[in-house]
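User: Hi! Could you walk me through a few backbone features of this protein?
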Amino acid sequence: MKVAIIGVGNSKFGKRDDVSVQELAWESIREAFNDAGITQKDIDYTVVGSTAYRGVELYPAPLVAEYSGITNVPMRVEAMCATGLAAALSAYTAVASGLADIAMAVGVDKMTEVDTATSLAIGGRGGNYQWEYNFYGTTFPTYYALYATRHMAVYGTTEEQMAMVAVKAHENASLNPKAHFQKKVSIEEVLKSRVISWPIKLLDSSPITDGSATAIFASESKVKELKIETPIWVTGIGYANDYAYVAKRGEWTGFKATVDASRQAYKMAKISPKDVEVATVHDAFTIAEIMGYEDLGFVEKGQGGKFVEEGQSKKGGKIGVNLYGGLKAKGHPLGATGLSMIYEITKELRDESGNLQHPLKNYIGLVHNVGGTGHYAYVMVMRR
């Protein structure tokens, strides 16, 4: 059964002391309802994606449902940083299977309700607690530093090339009023920023962010019934996982889960990587975007640094990547991130991105969301 995205919403990202988690979720739900031209009574199935580890509300789904006037929320899903796209997969599957005609995925997290040290300690438990965090105190910046140093050693990737990812992200985010950061940075500022775990520096890292995003999925018959003018079709989807204990994995220059998930999505969509025109690539740290170019097949292995250096991932380049600022500058509220990516690609494919609009010919976009340090990966191909 064909499944389309008919409505999307995205809250303002940042430190949101002004709202509760349910109020934050409602910001994106309300926008998605207005975008689709429907209300609560039209929704057959709702899933809430939230990690909730860093908020005061550890079980936010019932609160979000009650506040938003939704009566059919069967569950909350969690897949670490990929929680948003995991929720999207659940909603997509509900429609594709015939369980629902219209399904809604809501992603929300308030991550600034704990201090930075506590947030890092929680994130450090995202791998294998016994053999990593417990013995070595390994936190997320260090996991990505392991991959970065190996990528540098094998392929000659440079700190300057990683800094270029950050510069691009901040430049794009400066044009996105919903982004956490709206200030441009220079390569020199990135390179001189505080070292967190070499070669990962402060400005190589995504921020701790509050935010929500929502996507509404519908069957082909509902698209026709509602007279949706510009449905965005989900033509391919893939998901895969890898070992939690990183020492069990193969070469630390990319994520096997991304490679496997993208191949599934390309096969289902009957396209190849060269057909993708605009994409969101999971960039929790700058090295992650460079590895993502390669794992998704946009370039040959080892050419990711050169791809960003040549400006091929900028607006107007070969593939426009993270045009709303990416996790790096738009922000990374874990439960919302994947759905915010869907929001971005939907807007791009509808030609609704204004100053951030990438020129499109065939209107094919891709969303890539990684959970943990490559524990999970989800890839969705979308087409107008």
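Analyst: Happy to! Keep in mind that this is a predicted model.

User: Let's start with helix 1. What should its 16 residues span, and how far apart are the end C-alpha atoms?
Analyst: Helix 1 covers residues 21-36, and at 1.5 Å a residue it should span 22 Å. Its end C-alpha atoms are 23 Å apart, which agrees.

User: Nice. Which residues in helix 1 are buried?
Analyst: The buried ones are V21, Q22, L24, A25, E27, S28, I29, A32, F33 and A36.

User: And what do those buried residues pack against?
Analyst: They pack against strand 1 (3-10), helix 2 (60-68), strand 4 (102-110) and strand 7 (210-219).

User: What follows helix 1?
Analyst: That would be G37, which has a positive phi, near 75 degrees.

User: Switching topic: is the peptide bond from W198 to P199 cis or trans?
Analyst: That bond is cis, with omega near 5 degrees.

User: Where is P199, then?
Analyst: P199 sits in the loop between strand 5 (195-197) and strand 6 (200-201).

User: Back to phi. What is the phi of D351?
Analyst: D351 has a positive phi of about 60 degrees, although it is not a glycine. You'll find D351 in the loop that runs between helix 14 (334-349) and strand 11 (364-371).

User: Why does D351 count as partly exposed?
Analyst: Because its relative accessibility is 38%, and partly exposed covers the range between under 20% (buried) and over 50% (exposed).

User: What about Y363, where is that?
Analyst: Y363 is also in the loop between helix 14 and strand 11. Its phi is positive, about 60 degrees, and Y363 is not a glycine either.

Conventions
Residues numbered from 1 in each chain as written. Predicted model: local features only at pLDDT ≥ 70, side-chain atom pairs only at ≥ 80, totals over all residues. Heavy atoms only, no water. Helix = DSSP H or I, 4+ residues; strand = E, 2+ residues; numbered from the N terminus. Expected span 1.5 Å × (residues − 1). Buried < 20%, exposed > 50% of the residue type's maximum accessible area, 1.4 Å probe, protein only. Contact = heavy atoms within 4.5 Å.
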